[in-house]
Amino acid sequence: MKGMIILLVAVSAFALTSILGIWLIPFLRRLKYGQTINDIGPVWHHKKQGTPTMGGLMFVGGIVTASVVGWTVYRLSNNASLENMPNFLLKQDTIKFFLGLGMAVAFGGIGFLDDYIKVVKKRNLGLSEIQKLILQSLATAVYLTALYAAGDYSTAFFIPFWGRLDAGILYYPISAFIIIGTVNAVNLTDGLDGLCSSVTFVAALGMMMVCSLLGFHSTGLMATALAGGCLGFLVWNFYPAKVFMGDLGSMFLGGMMAALAFGAGMPFLLVLVGIVYVLEALSVMIQRVYYKATHGKRLFKMTPIHHHFEMSGYSEIQITALFSVVTAAGCILAVLAVRRL
């Protein structure tokens, strides 16, 4: 029965997302919600000018709907067995599921506001960095506070291949850094046709396996819906993309990845499962530090690092394939780390 529910969630998320594109993409074209290509990225990206953006609405709807439907069916069909589960664990599983979805939607809302300002109000920069940080911090604070209020008092982190570390009061600022960092790293990964959705599809599969090993069924359903939604979006977003996800989509995906990691109680697994996100963010930070330290020299041809590969002659499809393979390797390491518990 559990396998059927997983299949239901995956197929529902895929179908809803891909079918929504049939209606949404022409709608975005009529509204003239096209992507404005600025000076960030190789010059040949200018040919993508006007491609509809905010397509992330497709998978936000598909993933959230499939997750809630799957959770409802799972609870109804497993009511008897769930009664034997300790009340605390059952409550935590449910709370983390809905709080995680809520946090992801909140980050998607911040991305929507950023896209709206850029596309509709014709202000290329959208929200300022400080405005984004304030809004992201608020969403993160609400999520962590709600978890604490619901009885999640743990301040320990699981460090892959090392063990558990009790961070004490530092748990909350570290957790906030992980969540906000993940959201912005996923946002940086959205720079090539199909790249972010492909990498996140593989990462979601990795989190599915982790949740299965740990017995976090509700969080596992979220991971399943995320994988199905990303695959459905690739129908429209794979090279050459007919629609972009926008900051709405990438911030929602970042929120989902953070929600999955915290839902499984292992946020540091994102270092492995989300290795590409980490490398994308690090490349930007290293480039900035190196640029200032050397008075104008660059270590990479262009950042985030996917642009470095692009400037080195790799095609968008080759980069997407390479980064997906790297993500798969990180997921395998994450599963091995969990199996050692």
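In which loop does F161 lie? F161 lies in the loop between strand 1 (156-159) and strand 2 (163-166), where strands (E, at least two residues) and helices (H or I, at least four) are DSSP runs numbered from the N terminus. The model is predicted, so local features need pLDDT of at least 70 and side-chain atom pairs count only at pLDDT 80 or more, while totals for chains, interfaces and linings use all residues. Residues are numbered from 1 along each chain as its sequence is written, and side-chain values use heavy atoms, with hydrogens and water left out.

**Nonpolar core**

- The largest nonpolar core has 85 residues; such a core is a set of buried Ala, Val, Leu, Ile, Met, Phe, Trp, Tyr and Cys residues joined through side-chain atoms within 4.5 Å.
- Helix 9 (residues 246-263) supplies the largest share of this core, 11 residues.
- L226, L253 and M257 have the most contacts inside the core.
- Beyond its neighbours within four places in sequence, M257 is in contact (heavy atoms within 4.5 Å) with T182, T200, A203, M207, L226, L270, V273 and Y277.

**Helix 2 against helix 8**

- The axes of helix 2 (residues 56-77) and helix 8 (residues 217-237) come within 8 Å and cross at roughly 150 degrees; axes are lines fitted to C-alpha atoms, for helices over the stretch in contact, and angles run from 0 to 180 degrees between N-to-C directions.
- The crossing of helix 2 and helix 8 is right-handed, a term for the near helix being turned clockwise from the far one by less than a right angle, with anticlockwise giving left-handed.
- On the helix 2 side the contact residues are G56, M58, F59, I63, A66, S67, G70, W71 and Y74; on the helix 8 side they are H217, S218, L221, M222, A225, L226, G229, F233 and W236.
- By class, this contact has 12 nonpolar, six polar and no charged residues; Ala, Val, Leu, Ile, Met, Phe, Trp, Tyr, Cys and Pro count as nonpolar, Asp, Glu, Lys and Arg as charged, and the others, Gly among them, as polar.

**S218 in helix 8**

- S218 is placed in helix 8 and is buried at 1% relative accessibility; buried means under 20% relative accessible area, exposed over 50%, and partly exposed in between (1.4 Å probe, protein chains only).
- The side chains of S218 and W71 make a polar contact (3.3 Å), that is, a pair of N or O atoms within 3.5 Å; within protein, one must be able to donate a hydrogen and the other to accept it, and residues adjacent in sequence count only if both atoms are side-chain atoms.
- Apart from neighbours within four places in sequence, S218 is in contact with W71, D93 and F97.

**Backbone exceptions**

- Most residues other than glycine have a negative phi, and most peptide bonds are trans.
- M54, in the loop between helix 1 and helix 2, has a positive phi of about 65 degrees although it is not a glycine; M54 is buried, at 1% relative accessible area.
- F161 is likewise not a glycine and has a positive phi of about 65 degrees; F161 is partly exposed, at 40% relative accessibility.
- Y239 and P240 are joined by a cis peptide bond with omega about -5 degrees, and P240 is in the loop between helix 8 and helix 9.
- The peptide bond from T303 to P304 is cis, with omega near 0 degrees; P304 lies in the loop between helix 11 (275-293) and helix 12 (305-311).
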